[in-house]
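Work through the exercises below with the sequence and the coordinates open side by side.

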Amino acid sequence: MAGGGGGSGGGVSPLGPAPPMWYHRDLSRAAAEELLARAGRDGSFLVRDSESVNGAYALCVLFQKHVHTYRILPDEDGFLAVQTSQGVQPKRFKTLPELVSLYLQPSQGLVTTLLYHVDREETAFSDDRDYSDGEDEKPPLPPRSASTYTPPGPETPTDSAPAANGLSTISHEYLKGSYALDLEAVKQGAGSLPHLNKTLVASCKRLNGEVDKVLSGLEILSKVFDQQSAFMVSKMIQQSVNQGGDQELENLVTKLAILKDLLSSIEKKALKALQDMSLSSPCSLPPLSMRHSKAIPVQAFEVKLDVYLAELTKIGKSQKYTLSVDVEGGRLVVMKKVKDSQEDWTTFTHDKIRQLIKSQRVQNKLGIVFEKEKEKNQRKDFIFASAKKREAFCQLLQLMKNKHSNQDEPDMISIFIGTWNMGSVPAPKSQASWVLCRGLGKTLDEITVTIPHDLYVFGSQENSVCDREWVESLRAMLKEQTELDYKPIAVQTLWNIKIAVLVKPEHENRISHVGMSSVKTGIANTLGNKGAVGVSFMFNGTSFGFVNCHLTSGNEKIARRNQNYLDILRLLSLGDKQLSSFDISLRFTHLFWLGDLNYRLDMDIQEILNYINRKEFEPLLKVDQLNLEREKNKVFLRFGEEEISFPPTYRYERGSRDTYVWQKQKATGMRTNVPSWCDRILWKSYPETHIVCNSYGCTDDIVTSDHSPVFATFEVGVTSQFVSKKGLPKSSEQAYIEFESIEAIVKTASRTKFFIEFYSTCLEEFKKSYENDSQSSDNVNFLRVGWSNKQLTTLKPLLSEIEYLQDQHLLLTVKSLDGYESYGECVLALKSMIGSTSQQFHTYLSHRGEETGNIRGSMRVRVPSERMGTRERLYEWISVDKDETGGPKGKSNLVSRVGHEYVKPSVLRKQLGELGKVSEEGERTIKEETAARPKQEAPDSDPSICKNSYNNPAYYILEGVPNQSAAALSPELLPSPTSPNSQVAKAPPTSAGARTKPPYVASGSSHPRSTLNRPPPDFPPPPLPKGALEMVAEAPFSKPRPLYPDLAEVRIPAASPAAPPALGEGFRRGVGPGALDDQSCSVLQMAKTLSESEFTGQPPRTPSAPPPLRGQPMGLCLDACRTFPPRNAITESIAEDMPEEALWGSSSSSLSVGESSVGEWLQRLGLERYEQGLLHNGWDDLEFLSDITEEDLEEAGVLDPADKEIALPFVLSKNT
């Protein structure tokens, strides 16, 4: 970023003597628009740094509610000029104030004269020392990156050392003389006081020398008793010789702090060292047989065969089996016990084990498909002792498959990630529990803890150990546990924030394009006591990013922490330099974010302690600041986090894990630090990639710090460097990526033209579209832009094999023509787009960590038939049986798709069509399955998915925000925040197994369209989350008819009232397979961000109130969509004054105007007693009743033949 001075020439600052108030350094485009919208007057203006060109600026002007942006570019001589049309001579200026002064005059070529400057908001961070909560007991130490010892230099002469009372004398001299010189310098824009600094340095000369003498004396003791401090002492003495001027005073302060710490701790450290020496006796290393071996021993699992009741009557009783896994030999032995202690066993080689199928309902159940003779398969289901045992068995079989596969390159790797705030104290000798994931929370089974991971990533904060020593200690620790010599591929340090990545020796040559970076977010973003370090690299064809951060501390400093995160996201320079338009959350296939995030719990300390003592963490997670901020989309947009099942990791009493120390006496008074989950590990991955979190917890035996180390392990799919197959004819066709149309809605008050840039590793270079050929706006703060086929370029990938293309992703950025700045970015997976017919996509746009709109379109990836050959990936070998009792036991990949926001309609239709009838047992277990399902694997149960913004109708029609308050908003224009998302398929829950009617989706592009650049009205909805529909049975209202708003319309017809989401279920900590991963709070949250006005909600309707009739207004509770947990999320009123034909898909609708719910229909037939049964089975929408059968009615409890005769003919008549 320009930072203000990038375009200066001849030593003259482009900002003049001092930055003018209308100049906003590092202000984002979106934030500039918000400030101008608040100003609200034509001619309001500000200047910010350009987001597209370093050293350039952007002049933003408000006129007729629209923001107009003009780029101010420096030329080669350093002069500034507003960018003009070709052929127009620009006017050049030395400084920004001179340029702006010209346009304050009328008729200078801008859309309006500059009239009212919008001043920057001064922040109060300057005096924030960030040590207030007792977390940082010492001032920050300078960086140390080497452990070599440098002897101290000669003492600096102190010729001008003043007398004892010298400081007083020199102070008087400064106030009499040099003070005026400093004052004049400040008036000229100086940022420092050189004369005062010189005065202080001269006053402290003698003190500086004395401190060096004492440090030199302590150095000898440090070498013996405290080696970590020894190098620090030497370093500081050397710096005192080499540094002077401004740094000399700062250096003195740091040395005094080190001296204080050394004097207060050296005796204790010496005592401990001598005690250790007296107790220790020479001992030899344990024999090799006692140490861990590289070879994995045969592991046996006691299981029971899972059989149905009918089979049990034949067998007599459940059979016990032993499954023995020989990873090295590549065999699985299935042994069962028979009479008289005899045993019968069968051995299967690795290639005869065709598939593992995990039960999602029964967490310790696993189906194994074996290949028998004559290519026939047999499936057997086994019950393990625990879910952890099942996972250990699957991991061993995956290792066996991988070890004996014919593939040269791996499909999947395992990654260990650890984060620990060390509290400025050296680590204990043993940290085995950390690397072995032993302790509290979701931990690994003892059988698999010693299996080495492919990558180890260690992040630390307040780590006073030098880099080399720290890395060597990590390598030694890993060698002790694994007998492997792990190779460090990257180490990055910012003061005491460090990250180290170590890789298995066999993978060292698979690592390339290593990058490292750091960002300071300490005081005024200049000190490195807070900030982040990052590492990125390629593992074969998959890109990885790792960020370790230490954010601002303090219970109340949530906004500062949020800003820290956004600064890191924007400024951390990692990954492909061509992707500079994208923040780091979109530059990598997998991005992991770890560290001491410092978010706290908003609850009374005594309540927190009570919940912790009872091991009840769910109430605490609901008041966790990070969860709350993520729910508001303020930070970590669409990141995943595994469920937390371990106690808060901060702030413990050092030396123990039994007591939290939550009070500390400070100079400013008593400081409270409530126990909190400060230490976290999150991740974000491209859609349709494989990533599973196998463990997430903390240690309970490492007690040197007031934080506990946190660990997580991941199973991650990777791609190889693909080589095109030989033998294909030269005339073979090439694959291509073709777009039919794209339509985007962006959050902006600008009305400029836009184009799209396409980036991908499968493209030789990035490609650009032409400018949009359609544009409209129903809301001053949002703009709808469209590109038809003729405006969109056809993309030709480097390779045409489907095996290569299905692993590729396409990055899109929507940019403006006026400033070439991005208004939103997204990522699409090509895998879902491959086919002979066009497929639709729909996803969100984000920029600088904030959601800025949505984009949808129609595209296809055409692959020549001779290049269609592919193979099964190792991670596809394990599937999840999500609907064991209802549907076919088909293959469903265990894939956690973080950020997956679109579906392939053909797949959706196939899934909906294959749904079978569910048994009574399956219906009874729906809620059990949902409750037992881990958060990471079951985002479908998250009702927050109904609160979308980018596909919420209100996103497009909330007129007048932020220039008018919510009270003035027309209630009939506000759709329900809890209405289903616009892509949701109107289907009963698949877990319930009820028959469904697929959404009305035309094949290919047969549906008539009015324009080329608008996707057809039959845009495919993704599947409705299970949890959202399972709530219907308990909800006081019936479910609304899902509507996807036609983007050409501004009014949304009324729908029947929506079921409010369950209280407290609004936030997620993980995302999983196939989910539409959206955590938005609808447009009302966005309006809140724009206007900063507090919306007041109307009183909620009571649950006992009957559902309103069609067209009746309902209560409006705007607070419900932007609070967490939601407070009585009540549906909003929607006026119905649109003709029926304006509804999408209304031509095929079987609804009559007089009925809006199943309950009303049943009431009219006199069958209202069956309403609960029908809703429970998923028949909650009149539109589905056209598919109901007599069998379905019986399952819903309609057993009376007379009642069936009443209902069935009526359904048939409604459908004709």
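This is a predicted model: local features need pLDDT of at least 70, side-chain atom pairs count only at pLDDT 80 or more; totals for chains, interfaces and linings use all residues.

**Exercise 1.** Determine the strand order of the 8-stranded open sheet, and explain which strands stand at its edges.

Solution. Reading across the sheet, the order is E10-E9-E8-E7-E13-E12-E11-E37, and the pairing is mixed. Strand E10 (343-349) and strand E37 (878-881) each have a single partner strand, so one side of each is left without a neighbour in the sheet. On average, and with direction ignored, neighbouring strands are turned by 35° against each other. Within the sheet, strand E11 (residues 353-359) and strand E12 (residues 365-371) run antiparallel and are joined by 5 bridges; Leu-356 has Ile-368 in E12 as its bridge partner. Helix H9 (residues 387-403) packs on this sheet, where it touches E7, E8, E9, E11, E12 and E37, and its direction makes about 155° with that of E11.

**Exercise 2.** Identify the members of the largest nonpolar core that touch the most other members, and trace the contacts of Phe-714.

Solution. This core has 52 residues, and those touching the most other members are Ile-415, Ile-417, Phe-537, Phe-544, Phe-546, Phe-592 and Phe-714. Helix H13 (residues 605-613) gives the most to the core, with 5 residues. Leaving aside neighbours within four places in sequence, the contacts of Phe-714 include Ile-415, Ile-417, Phe-592, Trp-683 and Cys-693. Apart from this core lies another, of 35 residues, among them Leu-763, Ile-802, Leu-810 and Phe-841.

**Exercise 3.** Decide whether Asn-540 is buried or exposed, and find the side chain with which it makes a polar contact.

Solution. Asn-540 is found in the loop between strand E20 (531-539) and strand E21 (542-550). Its relative accessibility is 8%, and because buried means under 20%, Asn-540 counts as buried. Its side chain is joined to that of Glu-409 by a polar contact of 2.8 Å. Not counting residues up to four places away in sequence, Asn-540 touches Glu-409, Pro-410, Arg-510, Thr-719, Ser-720 and Gln-721.

Methods
Residues are numbered from 1 along each chain as its sequence is written. Side-chain values use heavy atoms; hydrogens and water are left out. A nonpolar core is a set of buried Ala, Val, Leu, Ile, Met, Phe, Trp, Tyr and Cys residues joined through side-chain atoms within 4.5 Å. Buried means under 20% relative accessible area, exposed over 50%, partly exposed in between (1.4 Å probe, protein chains only). Helices (H or I, at least four residues) and strands (E, at least two) are DSSP runs, numbered from the N terminus. Contact means heavy atoms within 4.5 Å. A polar contact is a pair of N or O atoms within 3.5 Å; within protein, one must be able to donate a hydrogen and the other to accept it, and residues adjacent in sequence count only if both atoms are side-chain atoms. Two strands pair if DSSP finds at least two bridges between them. Axes are lines fitted to C-alpha atoms, for helices over the stretch in contact, and angles run from 0 to 180 degrees between N-to-C directions.
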